Amino acid sequence: MARPTSRFPATVLILFSFLFNPSVVLLSSSAPRISDESASLILRPPHGGGNRHTMFLPLFLSPHGNSSAFAGVNSRRHLHGSDPLRPNARMRLYDDLLRNGYYTTRLWIGTPPQNFALIVDTGSTVTYVPCSTCEQCGRHQDPKFQPELSSTYQPVKCNIDCNCDNDRVQCVYERQYAEMSSSSGVLGEDIMSFGNESELVPQRAVFGCENVETGDLYSQHADGIMGLGRGDLSVVDQLVDRGVISDSFSLCYGGMDIGGGAMVLGGFSPPVAMVFTNSDPVRSPYYNIELKELHVAGKQLSLNPRVFDGKHGTVLDSGTTYAYLPEAAFLAFKDAIIKELSSLKRIRGPDPNYNDICFSGAGSDVSELSKSFPTVDMVFGKGQKLSLSPENYLFRHSKVHGAYCLGIFQNGKDPTTLLGGIIVRNTLVMYDREHDKIGFWKTNCSELWERLHIAGTPPPMPSTSDSTNSTAPAPAGPPQHDFPGQFQVGLVTFYMSLSVKYSDLKPHMTELAQFIAQELDVNTSQIQLLNFTAKGNDSLIRWAILPAGSTEYFSNATAMGIIARLAEHRVQLPDTFGSYQLVEWNIEPPPKQTWWPEHYMVVVVSIVVALILGLSASGGWIIWRRKQQMLNSYRPVDAVIPEQELQPL
């Protein structure tokens, strides 16, 4: 995404009339996005580096209502109440906040399931994926959704609560955003599966099937958006309205250089140490918190508490990368940080066009950053305090080793406070919508289940208890990658299609192999290039993954991990390698050993020993013979010598 050309992050006001299209819902995701029907104000933060991606958040929603199936959801949501026995959907998060600009989760749609990598976005109110009929969609991580291949797909028929197509047959949606980004298509309903770690059985839900996408939506690697915001089309709202989960969900983003994390749709018992703050749904359609104070190194910034309550208040959004403070708060925060870092050297940022605040001399070990950078505390309405470690407000300098820059910026002249994903890295965030509060718990998100003492759950099974709301049985979830019997995997091969000419790709094959090894958690020495085929501007490459070291096969756990990453298209590569598709993967047992390969060492050793013994015996016999000859040819001086006949002269 392009960084704004102004020196500071600009606040852009774009006015549209909602009178012509009152039912379109505004959302946010991986780009600065504004729907086309309301006076919409968005925040446009800077990037500060060629490898940095930023997510953005629009700050107005238009009236709800896209389908009659969702009418009146908000009015009866609280009637469901909490139920500790309700299941939840545990889902893994992938990618990295600063490298990719977002986190994704895997969602399976249809029967049989078709899988997608979707950006998790608490500022979006709709979930959509590219449709097979889309001729203006980019090349994303996974194949497009094919409604014709799903036996449980149904289009959402035209009704008074939605926008209809020209033939007034099917409901459609359209999203138009800033910076030439847009998404439009039809609304459909199908089975959604949440993965093998989910207690929640697959459920029917409405989603968008894209027919046109432009701008950042077209170019992003992820397939689409998973909307977690408040709205009738939100996945959370649909599941809550059906009574299958409690009105809560949680996100846990991985830390600096780690990425990944976890998500839970539904409620669970919060940790005792979780810090809660109120979240007023009337104050803003987005998730807000009552931020009152900021402390740096234990010292309160001299600010009026109302500075964090301007305009839209303090908004928490998973679809925004960095954090943005009103001018007064940012200047006070910046000055306090700089004062505490007098021992570090101030350096230029990674992008010379912007005055990023960066420091060198802290070292590259993230666990040691707290020795150089101060703790920052956020204090909420009732005095609750959330301490932020350096990884919650810093990002690595992309050009100077061991240098870091502030990931908190000034929000132009806009008084809204926007807290993006960087603030909650390695923090479990519980969005308890039923009780209008949001909780925070500092933890290692890569070990979340162990820290919450949550045991593994079996794969979801088809639902049989809700026949009134489901028109077809749910699939059992994504396919398993188990091996029959005592099958041992000795080799994994796969084809990868990249949108790069092989002539351009060839000098970087070693680098590509290293990235693949990193994504599959294997050593680079285990990755081998088997062959390639050049197809115009694309390259089809066949790779092999070998067992580590001198072993002949992979352990089942290792093999299943590799195959799951390949089969679920979770291998992430830098944009320099273009877009790619994992075309095919195969597993093979260890090669069968014939008698000779199994015993050739014994044979060789035997031959060598026989040769040595034979040569030794031959040498001994030769020495004995020569010794005998020497004894026979020797005569004493007085020995009798037989007379010899004299020959005539």
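Are cysteine 358 and cysteine 405 buried or exposed?

Author: In this predicted model, cysteine 358 is buried, and cysteine 405 is buried as well. A disulfide joins cysteine 358 to cysteine 405, with an S to S distance of 2.0 Å. The torsion about their S-S bond is about 100°, so this disulfide is right-handed. The pair links distant parts of the chain: cysteine 358 lies in strand 22 (residues 358–360), cysteine 405 lies in strand 26 (residues 403–406), and 47 residues separate the two.

Cysteine 158 forms a disulfide with cysteine 164, and their sulfur atoms are 1.8 Å apart. The torsion about the S-S bond of cysteine 158 and cysteine 164 is about 80°, so the disulfide is right-handed. Cysteine 164 is buried, because its relative accessible area of 18% falls under 20%. Cysteine 158 has a relative accessible area of 21% and is therefore partly exposed.

Cysteine 162 is bonded to cysteine 171 in a disulfide whose sulfur atoms are 2.0 Å apart. The link of cysteine 162 and cysteine 171 is left-handed, with -75° about the S-S bond. Both cysteine 162 and cysteine 171 are buried.

As for the whole chain, the count comes to six disulfides. When the bonded cysteines are numbered in sequence order, the pairing reads 1-8, 2-3, 4-6, 5-7, 9-12, 10-11.

Technical notes
Residues are numbered from 1 along each chain as its sequence is written. This is a predicted model: local features need pLDDT of at least 70, side-chain atom pairs count only at pLDDT 80 or more; totals for chains, interfaces and linings use all residues. Side-chain values use heavy atoms; hydrogens and water are left out. A disulfide is a pair of cysteine sulfur atoms within 2.5 Å. Buried means under 20% relative accessible area, exposed over 50%, partly exposed in between (1.4 Å probe, protein chains only). Helices (H or I, at least four residues) and strands (E, at least two) are DSSP runs, numbered from the N terminus.
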